[in-house]
Amino acid sequence: MALPSPYSLPDLFYGSADADHRMSDADTYFRLVSPALNQIISIREPIGWDGAEWTLERDTQWHGINFEFTGEEAVLRFQQVEAIDFIELNYSRSGPNVTLFLEWGLTDNTGDLALQTLRLNLAKRSKKGGELTIPAERYSVHPDIRAGWDTVLSMDQKKSLINDSSNNPVAITPPAPSILVLHSQRIKKTTTIKPMPDFQDTDWVSFQNDGTSVLQGGSVGQSVGQFQAFRHFLLYFPLTVERASPAEVDTYLGNNLEVDTSLPQSSGHALLKIATDGEYTFSVVIDFQVDCRLQRAAISISPPKIDDYTLNCYLVVGNTKHVVGSQIAGSPGSRFMGVARYTASLTYTEKLPKNTDVYFYAELVINPSRANWRGTDVRLLVYSASINITANTYAPPSACPAYPVFDVLSHFMACLTGRQNAVQSSYYSFAGNDQPTDGGGSHRLITNGYYVRGFTGKPVQNSMQKFLSSLQAIDAIGLSYKPTDDGDVLVIEPIANFYRDNKMLSLSSYSVIEEETAGEYLNTGVEVGYSTFPDEGPQVLDEFNTKQQYALPMREGATYSAVSDLIASGYALEMTRRAQFSAQPNDSTTYDDNNFIVCASQLAQLTPEHSEVTVTAVFFMVAGKASLVFDLFYKPAWMAKGVTFLVSGTEHNDGVYKAIDYLDSYVGNKNQAVVTLDRQITEELVVATLSVSMDFAFQAERDESFESVTGVLDPETTYNLRLAPRFNLLRHAPYIAGGLIYSNGSEPIRCTYVKNNGTLRTKLADNAEGDLNIDSRKLIQHNDDLTVADLKYPIKPIWKPERIKISTKLSTGQMLFLRACLTGAHPDPTLHYGFIELTGSNGVIEGFPLSISFKRSTGEAILILLKKSLSLSQLQGQRGCSFYGAYVFNVFEASQPGAIDPWIEQCTFDNFQ
C-alpha cells in the first residue's frame, strides 16, 4: 500500500509501517561537516559504502535497541580529491581529536531526508597513495559513555570528560545535594563479663589499723572510724570480657580480684562506662565466700572479737545502687568471723544515657566489740561471677547530604558527555510537568559513609558502569538511547519498558531460516542481594539486606546474578552514622568511601504547618557551646544534626543556623530538645519560630508502608525494607520466569542460601505506595521456598526462551519506522518498543526484535525475534488452552485433521491448571 499523498521525503524521518517504493528509489547523498571550520561540502559515495548494512540490535545486558551502520565502526575509503583535502585540512588544525562528521541521507525531487551522522575517527586515519582510509563511528552519546564507562566520576565534578570546540573540557554544573534525615536504628548487643574458669583466691589480705594508743586499736573512748580502724571492706571480683566489648558499653575497665577499703565511686574504680544512649539489661550472677579474722594487738588483756557483721553485694548504675541477692549477717562473738558464702543473682533493666558508670562489688562491714585489735585479715574466694549485658541502644537522629538516584544518573551522564539533561527515566523521576506521579524508584537516595558520619569533604563517587549495574541488580532496569533534536538521550527504565505489548509491524511474507532454543534465557539458579554488608560485629544476624540464592527447576543454563555493590544494610548505615557521636568522631570507618542507597519519604514541598514550628526557646551557652533548648513535644520531624534552619521572632538571635549536634535530653524535669548551634548567640528566653525551606529534605523510610513486619529486632527503626533481596527477586521475576514458561507452576524454587537473617516477614499496607512487582500485598516470608507460579503471577513472563530467524523484504520506510519505534522516537507512543507479528498458515507468532539487518540496495532483511509470551486472552479461538486440559496423548493421536487448534503448541503447563 502506497503512502498517502502528498508525498514529501523530508517528512518521512519516522518512516512508515507500509511499504513504499518511492523511498527505496531515492538517491543517497553524502556530506562532510566541520563544526570547527563551520563548513559543509558534498562528496561522492565513499568506497566501501555499497556493502553497508543497516542494523538494529538489542543489547543483551541492557535490553535497549541500538541503530547501527555496519556495526560500531565502518572503515571507509576516500579517493575524491576534494574530500581528502577537506579532511586533511581539519586534521592539520586539530590533530587526531578533531571533530569531523559524515552525514548521509536520502534525496529526491521532493527534498532531502537526513538519516544519520557518523563521526570520522581521525585517530585511526591511514593515507596511502591517493587514498585516505578512516573508520566511521555512529555519532551518539554511546561512544562517549563507552569511553568513560569504567571511569570514576564525582558528584562535585564541574568539568566533563569531553572537550568543546576550543579543546577545553565542557563546564557542567553539579546538582545541589538534598538533605536526608536519618533516624536511629536500634542495635542490640550482648556482652558477657566473667572470671577465669578456675576458682580465684586472694589468700589472707592484711589491713593495719592506724589508731594511736599503745593497744594499736585506740581506746574505748576514741572514735573508731572506717579509715582509722578498718571495719568496711570492699570485695572486687576478677571480671574480664568474654567477647570483644561492644562500642555501646565501652570503655570496659575491668575488675581484678581484690580486697580494698575504698568505695569504687571515690577511687574511679568503674567496671565499665556506657558509651551510647539506650536500654540496658544487666543479668548478674555471683557465687563467692569471704572470711575475716582480727589481729591481736601486741599488748592486750583480752583478745578482740567480732560482735556482728553484714555482707552485701551491689550493682551500682550511675547514682542508683541495686542490691544483688539478700544480705548475710552474723554474730560470731570471737576473733574469727567464719566463712560466709554468698550466692545471688539479679536482672535489671533501665534506659541509660551515655557516660554512665557501672560498678559491681561486695561490701563486708564488721563491728568489733573492743578497740584493742591491731588489724584485720580478709580472705576472698570467688567460685563464679558473671554479668551479661544486653544493650538495646540508640543515638540521636542526624542529617546528611544525599542525592536522588535520578540526579546521580543525570550528573554522571553530564560528566561523560558534557550534556546536562541527557537522561530520561520515569521510574526514577518525581512527579512533574510530564509525569503525573512519582516513579517507583524516585524515592531512593544515594549517599556515602563520609556524608553519613556528618562530614562533607569526600563527594559521592562511582563509575557509570558500576552504578547502573548496581541499580539493575535492585530494580531490574535496562537502558536505551532515544534520538532527540538535541542529541541522544539515555533512557533508563525497568526492563519491561523495552518489551511492550505494542504491535509495530505485521509480516505475512517471510521465510523461516531457523528456530532454536535461546539458551541465554535459561537459568539453573538465582543469586540476588548485595555484595557488601556487615559480616562481623553486633546484630549481624539480624541484617536481612545481604545475599540469597535460589535453585530453579532447570537442568541447563547459567546462574542469574543480580548482586548490587550499593550498601542497603541498615546496620552498616547505623554503625557508620553513630561514629559521629563517639569519643573519636574523626576516625575513619569501614564504609567511608562506599555508596549507600536509602529508601526515603519525601519531605519536599512541605506545607507551612510542617516546615515551621513556633516554640518557647532558651538560647544559652553550655560548656562554651551555643545551644538552643525547647520542649521535645514540639520538635519538628526535620530537626536533626546537620540541618540548616532559620530562626525568627527573637530579639537578639534571628538568623540562619546549622545544627552541629542534636540530643533528646531530660532537663529541668522535662524532656527537652537540645540543639548545639554553629555560631555564637546572645542568651535569652523567647518565643521563636524555627523553619526550613519548603523543598527541604527527605526522611529515611521505616516500616510505615507495611501492615506487618516481623523477624527483625525493631521494625519501627528498620531501614530499606523495600530493598530486601526477596523483593529484588520479585522485580526480576518476569525475566527469570521467561525461561520457565514450560515448567509446571507447582514446581519448587528452592531458597538454598540466606546470609544472616532469614526470618523476615513483611506485608505491604493496602494504602501504601506501590513498588514495581512487590505490591501484591501478600504476607511474604523472605526465606521460604517459592513455586514457578510465584514468579509468573500477577506479572506474566514477557518472553519465551525461543528465537526465530526469518528472511523477508522491507522497504526503506519500514526500516526507518522500526528504528523510530524501537528507540522510542516515534510520535505515537503506542508503537514504542513493541513486537513484530508473523502471520501465516501455522498461525500467529509474535516476537521482540533481537536484531534486524537490512540491505537498502535490495530490501533484503534478516530478522531474529525473541518469541513473546502469550497470555490466554491473546490466543486464537474461543476455547483456549484450558479446553485441552483433560487430553492425553492417545486422544491427540486419534483426533481428526483440523480438530486440534494449530495454536495448541503455544499452550504451557500453567494454562491447564
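Reply: The following account begins with the whole chain and then turns to the rings, the strands and the sheets.

The model is predicted, so local features need pLDDT of at least 70 and side-chain atom pairs count only at pLDDT 80 or more, while totals for chains, interfaces and linings use all residues. Residues are numbered from 1 along each chain as its sequence is written, and side-chain values use heavy atoms, with hydrogens and water left out.

The protein has 13 helices and 54 strands; helices (H or I, at least four residues) and strands (E, at least two) are DSSP runs, numbered from the N terminus. Of its 913 residues, 53% count as buried, where buried means under 20% relative accessible area, exposed over 50%, and partly exposed in between (1.4 Å probe, protein chains only).

A search of the whole structure finds 26 aromatic pairs. Rings of Phe, Tyr and Trp (its six-membered ring) pair if their centres lie within 6.5 Å; planes under 30 degrees apart count as stacked, over 60 as edge-to-face and the rest as tilted. One of the pairs is formed by Phe288 and Tyr342, which are stacked at 5.3 Å centre to centre with 20° between the planes. This pair links distant parts of the chain, since Phe288 belongs to strand E20 (residues 278-296) and Tyr342 to strand E24 (residues 340-352), 54 residues apart. Phe288 counts as buried because its relative accessibility is 0%, and Tyr342 counts as buried because its value is 1%.

Elsewhere, ring pairs link Tyr499, Tyr521, Tyr735, Trp799, Phe835 and Phe848 into a cluster. Over the face of Phe835 lies Lys868, at 5.1 Å from the ring centre. A charge sits over a ring if NZ of Lys or CZ of Arg is within 6 Å of the ring centre and within 35 degrees of the ring normal. Arg31 likewise lies over the face of Tyr29, at 4.0 Å from the ring centre.

Strand E52 (residues 835-840) pairs with strand E33 (residues 503-507) in the parallel sense over four bridges; two strands pair if DSSP finds at least two bridges between them. In this pairing Lys503 stands opposite Phe835. E52 also pairs with strand E53 (residues 843-854), in the antiparallel sense over five bridges, and Ile836 stands opposite Gly847 in E53. E52 and E53 form a hairpin with two residues between them.

Two open sheets complete the picture. The order E37-E35-E36-E47-E50 describes an open sheet of five strands with mixed pairing. Strand E37 (558-564) and strand E50 (786-787) stand at its edges, each with a single partner strand, so one side of each is left without a neighbour in the sheet. Within the sheet, strand E35 (residues 523-530) and strand E36 (residues 547-551) pair in the antiparallel sense over five bridges, and Val526 stands opposite Tyr550 in E36. Helix H10 (residues 725-736) packs on this sheet, touching E35, E36, E37 and E50, and its direction makes about 145° with that of E35. Axes are lines fitted to C-alpha atoms, for helices over the stretch in contact, and angles run from 0 to 180 degrees between N-to-C directions; contact means heavy atoms within 4.5 Å.

An open sheet of three strands has the order E28-E32-E31, with mixed pairing. Helix H7 (residues 464-475) lies across E31 and E32, at about 125° to E31, and H7 also lies across E35 and E37, at about 110° to E37.
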